[in-house]
Amino acid sequence: MSCANRSRTEDGGRSERRGRERVPVAAVVVLVLLACVATTIGVVSCVADDVSSDLSDQEMTCCWEDGATPAWMSGQMGIRIPEAASDRRAGYKVGQRYDTGLLSFVLPGDEAEAYTGRLIRNDTEMVGNFHPEKKDYRPAAAFGHLGLPEPETFVEGLRKISLCPDGLTTPEGEHLQRCVDLFTHEFEPGTTRIYVRSTIEPCVTPPPASKAP
């Protein structure tokens, strides 16, 4: 073989080897880039989750009025609280478009039945919660602010109904001032908690700060 041919052969061999050497290097570069992208996506996802969690926490704790006593909230809704009721709780949250009122109290089971019977029309029945929310359900105006679980997450012992004052002439219904979502939950045998949530137009004057019960 001539020197020229041998030189070309050696050059070709070296070029082929360099080509083979470049392939692993390129693969490594691609893998590194992919790893960086995956890491970046993970970081962005974690940051987004943290921001979402922070916003959710802010939404849960923001804009609650201190003076929303059960008596005041009862008057705003037109939901009269029976004398036998215990563990009375209430909350009033100011929103951008609408405010939300919450009211809750506990009654013995038979008295809870009698109370809802005086509130609901005879031709209407409360229904069960056939499509419950998950345990971590957190509405904008949550009963969790009152230290209570959300009634929408219960199935056993839970009944619910929506009521509006228009044409409601039952003994308790005639006092109703606003549309409400009413839940009853027999959380232990013979004991029922009443939950009431109402959307309220923002023209209502928020309650004054008070520590009265």
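Modeller: Let's begin with how the parts get their names: helices (H or I, at least four residues) and strands (E, at least two) are runs assigned by DSSP, numbered from the N terminus. In sequence order, the protein chain then reads α-α-β-β-α-β-β-β-β, with three helices and six strands. This is a predicted model, where local features need pLDDT of at least 70 and side-chain atom pairs count only at pLDDT 80 or more, while totals for chains, interfaces and linings use all residues. Residues are numbered from 1 along each chain as its sequence is written, and side-chain values use heavy atoms, with hydrogens and water left out.

The part I'd pick is strand E6, residues 191-200. Is E6 mostly covered or mostly open? It's mostly covered, with nine of its ten residues buried. Buried here means under 20% relative accessible area, exposed means over 50%, and partly exposed is in between (1.4 Å probe, protein chains only). For the protein chain as a whole, buried residues make up 34% of the 213 residues.

Now, who sits beside E6? Two strands pair if DSSP finds at least two bridges between them. E2 and E6 pair in the antiparallel sense, over ten bridges, and proline 108 stands opposite threonine 191 of E6. E5 also pairs with E6 in the antiparallel sense, this time over six bridges. There, aspartate 181 stands opposite arginine 197 of E6. E5 and E6 form a hairpin with two residues between the strands, and glycine 190 takes a positive phi near 85° in it.

Histidine 185 is buried, with a relative accessible area of 8%. Leaving out residues up to four places away in sequence, histidine 185 touches several others, among them Thr191, Thr192, Arg193 and Tyr195. A contact, by the way, means heavy atoms within 4.5 Å.

Take H3, residues 109-119, where the buried residues are Gly109, Ala112, Tyr115, Thr116 and Leu119. Why do those five end up on the same side of H3? They cover an arc of only 120° around the axis, which puts them there; the arc is that of the directions from the helix axis to the C-beta atoms. These buried residues of H3 pack against E6, along with E2, E4 and E5. H2 (residues 70-77) is mostly covered as well, with six of its eight residues buried. The cover over the buried residues of H2 includes E1, E2 and E6.

Next, the charged side chains. A salt bridge is a side-chain nitrogen of Lys or Arg within 4 Å of a carboxyl oxygen of Asp or Glu, and the whole structure has nine of them. What does arginine 193 bond with in this way? Its partner is aspartate 87, and the closest N and O atoms are 2.2 Å apart. That pair links distant parts of the chain, with aspartate 87 in E1 and arginine 193 in E6, 106 residues apart. Arginine 193 is buried at 6% relative accessibility, whereas aspartate 87 is partly exposed at 33%.

Arginine 197 has a salt bridge of its own, to glutamate 152, with the closest N and O atoms 2.7 Å apart. Arginine 197 lies in E6 and glutamate 152 in the loop between E3 and E4, so this pair ties together parts that are 45 residues apart in sequence. Both arginine 197 and glutamate 152 are buried.

Of the contacts in the protein chain with a separation of 6 or more, 63% are between residues 24 or more positions apart. Back at E6, then, the picture is a strand with nine of ten residues buried, paired with E2 and with E5.
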